[in-house]
Amino acid sequence: MNQVKKLLRGGRVFLENGTWESCGVLLEEGRIAGLLPEKQEVPADILQIDCSGKRIAPGLIDTHVHGARGRNYMEGSAEAAAAISDFLIRGGTTSCLATTTSAGRADEAAALRGLREASMHPAKGQAEILGIHLEGPFINPRNRGSQAEENIRAASGPELEEIAEAAAGALKIVTLAPEMDGAAEAIDFFIRRGIKVSIGHTSATFAQAQAALHAGAGRGTHLFNAMPPIHHREPGAVLALLLDPSAFLEMTVDGHHLAPEIIQMVLKLAGPERCVLITDGVDVRGCGDGTFQRWEGTTVIVRDGQARTPKGSLAGSMLSLSDAVRNAVRLAKVPIGTAIRMASEIPARSVGVFDRKGSISQGKDADFVIFNEDLSVCMTIVRGDIAYRAAP
Ligand SMILES: [Zn+2]
């Protein structure tokens, strides 16, 4: 419980209507209590936080993140979540979906149970786990990226029930390949339970992807990556997703996964309202260069800001979400406010939490990232608590 009222003062605040305004933001009991005119007298019982020369933005929301600092959400433990959070808050991320990778059934169920538990008890000053993004095992082995082939399988009724039971209400997104055996039943199973289905790690044809979208899938997982490129006679899942007016599109904007011109094309075709910046951040972030064994024994090589499998496939990113915002602005010439929305408002809308997160608005959770003018992170506030403050 936050007993002390706080006032973020002196900065430019990114409002829900997309404008920047010089005003104060009052925080009380972990929520946004209101906006105050800059010149207003401040009662002595309010702790003032000087944000002069800074940009005050809503906390960033990463809907696709696996780990950091050598820890992986697949461990399913509060300790792993705390270590990962320590990396996330430095990148302005105040909430996330803990994202799994394909695993054996017992490991998968154990991870889901642990992550459900972690999502139910948000720790003070840590990035909040809003729920779980299940990435695999119902994917196409040909498009598996860094996922272990032996852990990929067709969806079956008993396993779907097991997943739903282990994750309970915490499962928010399932990434699957619609062309695989059992996928149609799986899509139906998840949609009926209010869980979003995302098309990814797939070789689906345009028609197969479109059928999945019609069946209720509403998202594409790291668009363009782990799916075939657009071909003029077989445009595939990429174009089916781009042309569907309600599909959310994940993008990994780290300077390696997507050319800047592709990001510009997606924004032109789909508009920013459908674009979700993600990190797909992996467990070897924050560990320096080298060769690492991951939690399930696969090898990943980190060099020049990239994580790759021994065969050379990109194995997730080393990105933090504030870097993604800055890359979108610098590399793809996205306006700052638009880039921030793509890492806060749009991810919040995409997982149904915009009523409490994703913008600076009275009554919402007091989650903020306070940017320096160069879009590096100055401070991160989670539910009213200062979770991270950069050294001056
Ligand atoms: Zn991933």
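**Close-up views of a predicted model**

**View A. Helices α2 and α3 are roughly parallel to each other.** The structure shown in this and every other view is a predicted model. Helix α2 covers residues 105-120, and its axis lies 8 Å from that of α3, with a packing angle of about 25° between the two. Because angles under 35 degrees count as roughly parallel, this pair is assigned to that class. The crossing in which α2 passes α3 is right-handed. From α2 the contact takes R105, A109, L112, R113 and R116, while α3 supplies E159, E162, I163, A166 and A167. Sorted by class, these contact residues comprise five nonpolar and five charged residues, with no polar ones.

View B. Helix α5 spans residues 206-214 and helix α6 spans residues 236-243; their axes approach to within 7 Å and cross at roughly 40°. The contact of α5 with α6 holds seven nonpolar and two polar residues, and no charged residue takes part.

**View C. Helices α7 and α8 cross at roughly 100°.** The axis of α7, which runs over residues 260-270, comes within 9 Å of the axis of α8, which runs over residues 321-332. The angle therefore places α7 roughly perpendicular to α8. P260, I263 and Q264 represent α7 in the contact, and A328, L331 and A332 represent α8. Five of the residues in the contact of α7 with α8 are nonpolar and one is polar, whereas none is charged.

**View D. Domain 1 and domain 2 are in contact with each other.** Domain 1 is made of two segments, 5-57 and 360-389, and domain 2 takes in residues 58-350. A distance of 29 Å separates the C-alpha centres of the two domains. The contact involves 14 residues of domain 1 and 21 residues of domain 2. On the domain 1 side, the elements that contribute two or more residues are the strands β20 (368-371), β21 (377-382) and β22 (385-389). The side of domain 1 that touches domain 2 consists, by class, of ten nonpolar, two polar and two charged residues.

**View E. The peptide bond between G136 and P137 is cis.** The omega angle from G136 to P137 is near 15°. P137 is located in the loop that joins β11 (128-135) to α3 (157-167); the α3 of this view is the helix that packs with α2 at an angle of about 25°.

**View F. E29 has a positive phi.** The phi angle of E29 is about 55°, although the residue is not a glycine. E29 belongs to the loop between strand β3 (20-28) and strand β4 (31-37).

View G. The C-alpha trace extends over about 65 × 45 × 40 Å along its principal axes.

Notes:
Residues numbered from 1 in each chain as written. Predicted model: local features only at pLDDT ≥ 70, side-chain atom pairs only at ≥ 80, totals over all residues. Axes fitted to C-alpha atoms, helices over the stretch in contact; angles between N-to-C directions. Helix = DSSP H or I, 4+ residues; strand = E, 2+ residues; numbered from the N terminus. Parallel < 35°, antiparallel > 145°, perpendicular 65-115°, else oblique. Contact = placed C-beta atoms within 7 Å. Nonpolar A, V, L, I, M, F, W, Y, C, P; charged D, E, K, R; others polar. Domains from an automatic or database assignment. Left-handed = near helix turned anticlockwise from the far one by under 90°.
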